[in-house]
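Dear colleague,

Please find the structure below, followed by a summary of what was found in it.

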Amino acid sequence: MDQQTVPDLSIQLGPLTLQSPLILAASPWGSEAARYVGSGIGALTMNSVGPEPRRGHPPPVMHDWAGGMINAVGLDNLGAAAAVAQLKPLKADLQRHDLRLIASIFAHTAGEFETVAQSISALEPDLLEVNISCPNVEEEFGRPFATQCTPAAQATAAARAGYSGLMSVKLAPNVPDVTEIAQAVIEAGADILTVSNTMPGMVIDIEARRPVLSNKTGGVSGEALRPIAVRMVYELSQVVTVPIIGTGGVVTGRDAVEMIMAGATAVGLATVAHRHGPAGVRRVLSELDAWLSDHRVESLDQIRGAAHTG
Ligand SMILES: Cc1cc2nc3c(=O)[nH]c(=O)nc-3n(C[C@H](O)[C@H](O)[C@H](O)COP(=O)(O)O)c2cc1C
């Protein structure tokens, strides 16, 4: 009888070694974050924090529908300085379990990314993710930086000036050519790309005759986003050499395989965790492990980018 393959699930994300390719994507996890220690993730991303405390949009801010979720939390956060103090115990807890902490920041203007990056550096995160792509605050912030090359590069350069550590930039799906934006942010100092943020959308409650979210529009995540994110990762991995955290619609182990075959180094998850908590993430990892084992794949390097040659 054949010996069973025991796949190695660890990955190398730039200089960081992660024990699992699954990364909890940026979202307001709050005190729930600690529950993900031991769920099979390799790293956890906190929600995006800005220069000062900010209340998000009034409820309802999240809605689950058959094809995914839509949300407009509106960057509800404590502000970078308060987040540093609040996240220190979580960072220590993650470190004890050999897990990485990813801090996420946003800012109102491109230049302001420098001061927010400086403030969050006191936390000494393993990776700083620069969110230049939040879709739900256009009325206050204008168009997301990630939708045009020059503002995207300016925001990245400002964050780079305020932070000397490892840095990822989170891109938006609603652009005609994501490769141009990616090249601009890499030139401006991004070491890694996170691909992607949610896609602007709307769900209407036909009985109430109004949009389900108080903000009316929101960001679409989950299943509906997956083909879009997979296409972006595929296109980007043909033209960039930096690692990509493929994020969008991964809710099963097979979805994670698909994202890695498109060229992702690591895989971000938010919707599956909102729906099912740590058990949902654990299931994705065990399904991934089972698929690799069934297909006699010993390491993720053996399938990364496989769709490019098929
Ligand atoms: C409720 C909710 C809140 C989110 N908040 C943030 C955020 O603060 N910063 C950010 O960069 N992305 C945020 N995201 C986007 C996720 O990190 C992720 O990019 C997106 O949901 C796609 O992944 P998924 O399909 O696995 O959910 C949020 C997503 C959800 C569902």
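Is R296 buried, exposed or partly exposed? With a relative accessible area of 46%, R296 is partly exposed; buried means under 20% relative accessible area, exposed over 50%, and partly exposed in between (1.4 Å probe, protein chains only). R296 is found in the segment after α8, and its phi is near 55°, a positive value in a residue other than glycine.

As to conventions, this is a predicted model, in which local features need pLDDT of at least 70 and side-chain atom pairs count only at pLDDT 80 or more, while totals for chains, interfaces and linings use all residues. Residues are numbered from 1 along each chain as its sequence is written, and side-chain values use heavy atoms, with hydrogens and water left out.

Backbone geometry

K216, which is not a glycine, also has a positive phi, of about 70°. K216 is found in the loop between β13 (210–211) and β14 (218–221); helices (H or I, at least four residues) and strands (E, at least two) are DSSP runs, numbered from the N terminus. Two cis peptide bonds may be noted here. One joins P59 and P60, with omega about -5°, and P60 lies in the loop between β4 (43–49) and β5 (62–65). Another joins V195 and S196, with omega about 15°; S196 is placed in the loop between β10 (192–195) and β11 (199–201). Most residues other than glycine have a negative phi, and most peptide bonds are trans.

Strand β8

In strand β8 (residues 127–131), five of five residues are buried. L127, E129 and N131 point one way, and L128 and V130 the other. β8 pairs in the parallel sense with strand β7 (residues 100–105) over four bridges; pairing requires that DSSP find at least two bridges between two strands. S104 has E129 as its bridge partner in β8. Four bridges also join β8 to strand β9 (residues 167–170), again running parallel, and N131 stands opposite K170 in β9.

Nonpolar cores

The largest nonpolar core has 91 residues, of which L13, F113, I132 and L171 touch the most other members. Helix α8 (residues 271–294) gives the most to this core, with eight residues. A second, separate core of six residues includes A72, V203, V212 and V220. Such a core is a set of buried Ala, Val, Leu, Ile, Met, Phe, Trp, Tyr and Cys residues joined through side-chain atoms within 4.5 Å.

Yours sincerely
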